[in-house]
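Thanks for making time this morning.

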Amino acid sequence: MTITSRSESTIFVFDEYVQSSIGLKEFIENSQKALETQYLKEVKADYDTEQLERRLVLHSSLEMHASEIYTEEMFKRFQKELMKSTCYIVNSVKNNGTYMSKLYLVEKVTLPENCSRKYRVTVFMYEKIEYSCKKFEHSGMICKHIIRYLDKKQKIKIPESVIMGR
Ligand SMILES: [Zn+2]
């Protein structure tokens, strides 16, 4: 018995259950079993996606990446920083004296101009990042300033240099 007009994955599933030289009744039973298995796999995949979607707050690529690399607790801490990062702005500083690095100032927009503290994020060639708040060194968690910078640069992944234990 050959199944021609099916997708490769379906053929694979049928192969698991359909051996050669079996009776028609058995074939139908096995086919049903294969379809049920396929159905359950799809239900599980849908469920997993739904669970992930529910955990995300901004649904950005960075957050998606964070959910893949962090433990549950670390991911919750990341989300707090992510939410805080949304009230910051990033400005690049022109002519900061070196062609090896680029300087950015990250400041909170919800504060009056004279109260706002500016944080420096310096990005060196080869993606090495330095930042003035040093949160990552102290807590192992990427800070809102870098998250804001990464977001502005439309980065879709958290750089290895600011992931603990890498
Ligand atoms: Zn910071």
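Let me begin with Tyr99, which lies in the loop between S1 and S2, where helices (H or I, at least four residues) and strands (E, at least two) are DSSP runs numbered from the N terminus. Before I go on, please keep in mind that this is a predicted model, in which local features need pLDDT of at least 70 and side-chain atom pairs count only at pLDDT 80 or more, while totals for chains, interfaces and linings use all residues. Residues are numbered from 1 along each chain as its sequence is written, and side-chain values use heavy atoms, with hydrogens and water left out.

Is Tyr99 buried or exposed? Tyr99 is exposed, with a relative accessible area of 73%; here buried means under 20% relative accessible area, exposed means over 50%, and partly exposed is in between, with a 1.4 Å probe and protein chains only. Together with Met100, Met125 and Tyr126, Tyr99 forms a nonpolar patch on the surface, and the four have about 560 Å² of accessible area together. Such patches are made of residues with over 30% relative accessible area and no salt bridge, like charges being joined within 9 Å and nonpolar side chains (Val, Leu, Ile, Met, Phe, Trp, Tyr) within 5 Å. The areas come from the Shrake-Rupley method with a 1.4 Å probe, and for residues only the protein chains shown count as cover.

Stepping back to the whole chain, there are six helices and four strands, and from the N terminus on the elements run α-α-α-α-β-β-β-β-α-α. The accessible surface of the protein chain comes to about 11,500 Å², of which 53% belongs to carbon and sulfur atoms, and buried residues make up 31% of the 166 residues.

In H3, the buried residues are Leu62, Glu63, His65, Ala66 and Ser67, and what covers them includes helix H2 (24-55), H4 and H6. Arg148 has its place in helix H6 and is buried, with a relative accessible area of 18%; among its contacts, not counting residues up to four places away in sequence, are Ser85, Tyr88 and Val106.

Next comes the metal site. Which residues coordinate the zinc ion? The zinc ion is coordinated by Cys133 (SG), Cys143 (SG) and His145 (ND1), at 2.0 to 2.1 Å, and these donors follow the spacing C-x9-C-x1-H along the chain. Donors are N, O and S atoms within 2.8 Å of the metal (3.2 Å for Na, K and Ca), and water is not among the atoms, so sites may look incomplete. Both Cys143 and His145 are buried.

Finally, the charged pairs. The structure holds nine salt bridges, each being a side-chain nitrogen of Lys or Arg within 4 Å of a carboxyl oxygen of Asp or Glu. In one of them the side chains of Asp48 and Lys44 meet at 2.9 Å, N to O; because they are four residues apart in helix H2, the two are separated by about one helical turn. Asp48 is partly exposed at 36%, whereas Lys44 is exposed at 51%.

Lys84 forms a salt bridge with Glu81, with the closest N and O atoms 3.6 Å apart, and here Lys84 is partly exposed at 41% relative accessibility while Glu81 is buried at 3%. Lys134 in turn forms a salt bridge with Glu137, the closest N and O atoms being 3.9 Å apart. Salt bridges that share partners also join Glu81, Lys84 and Lys135 into one network.

Note on methods
Contact means heavy atoms within 4.5 Å.
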